[in-house]
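Welcome, and please have your viewer ready. We will go from stop to stop, selecting a few pieces at each one.

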Amino acid sequence: MQNNSNKASADGIVLLAKQPGLTSFASLNNVKKALNTSKVGHTGTLDSFAQGLLVVCAGRLTKLAGNITEFDKSYSAVIKFGEETDTLEFTGQLVKKAPLPTPEVLEAALANFTGELLQAPPAFSAIHVDGKRASDLARQGIEVEIPKRKITVFSAELKETELFEGRVLYARIDFSVSKGTYIRCLARDIAESCGSAGHLTGLLRTKVGNFRLENAAGYSLLNNFTIENSKKDVENYFSKKEAELPVQEKKEKKPCIPSEADLFIQKEIREKLCGFSQETALLCGFECVSLKDEKALCDFKNGKKLLFSMFSQYINCQQQKSIAVFYNDNFCGLIETSDNKKLLYKFVIS
């Protein structure tokens, strides 16, 4: 992965290890403070109970956030069997109980959960139904039918189990999936196919496209993701909830002082700020070209008329496409071909 040598620039990609218990939005505060910018955009949220990789675009690279959102993703999930909640994770209300599956039944079920599948998204989700979030309607007790969507599960691998009287109470499963896949729905459907019920008690995102969690700022602060540590995170969540003061007593606003963990994460964000690499550009579906010399680079950054002679590679203009422009492996901006076989600017990183 390409490191950005210009640490003063806020144009870059941040790999952030989201800590459990924080919302994805709150997690962005460390990025904003570290890079002294408000212009940040994540490429796919994680629920507050979840942890792991958030890929955040900063500065002018926020224009690419939508492309990175489309990348395939990998997760490790801890599923508790025997109970299903309305949110399909441990903070929800219990709605169903069922017997625990045997290890053999679970293994057989997982074999049926790879390839192209039709998945019913959860009622508690950000999907819009008639202009309203499904989760908002669900909290009002309004039942809505969300159409099933096609997803792809590239792999589902059982990594760890905890048994109760010879049956599976908890299982940790690694998934590699396409964009738009809800892991909590996989937990529900896998449990149902076993003749059981299930919900998530832990979720760790480990990979987004070519970006890996182990390269993320704050990764060293995460605990090993195991069934035992997932159970501890659940206990900590409910302990903190019980310890919270009533809303009416929370009137005085105190200045927000960053913790040692926050300062450590902010330091790592600045150190690990990435550029937009050709590998990432190809995953976005862009063609990649290079400016042939410093004069072409200067003309490009100053917005002069785009000429085919500025580039080292031949550009075929038979169809409209987006093209990522590089110079010495540094990302310079995005251009596109037009109907009249001309090159047009989309944006430039100066």
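In what order do the 4 strands of the open sheet stand? Before you select them, keep in mind that this is a predicted model. The order is β14-β15-β16-β17, and the pairing is mixed.

Now colour β14 (287-290) and β17 (343-348), which stand at the edges of the sheet. Each of them has a single partner strand, so one side of each is left without a neighbour in the sheet.

Next, zoom in on β14 together with β15. These two strands pair in the parallel sense, over 4 bridges. For a landmark, select E287 and look across to β15, where I323 stands opposite.

From there, move along to the loop between β15 (322-327) and β16 (330-337) and pick N328. Its backbone deserves a look: N328 has a positive phi of about 55 degrees, although it is not a glycine. Most residues other than glycine have a negative phi. Is N328 buried or exposed? With 60% relative accessibility, N328 counts as exposed, because the cut-off for that class is over 50%.

For the last stop, jump to the loop between β5 (83-85) and β6 (94-97) and select L88. L88 is not a glycine either, yet has a positive phi of about 70 degrees. Show the surface around this residue: the relative accessible area of L88 is 4%, so L88 is buried, a class that means under 20%.

Technical notes:
Residues are numbered from 1 along each chain as its sequence is written. This is a predicted model: local features need pLDDT of at least 70, side-chain atom pairs count only at pLDDT 80 or more; totals for chains, interfaces and linings use all residues. Side-chain values use heavy atoms; hydrogens and water are left out. Buried means under 20% relative accessible area, exposed over 50%, partly exposed in between (1.4 Å probe, protein chains only). Two strands pair if DSSP finds at least two bridges between them.
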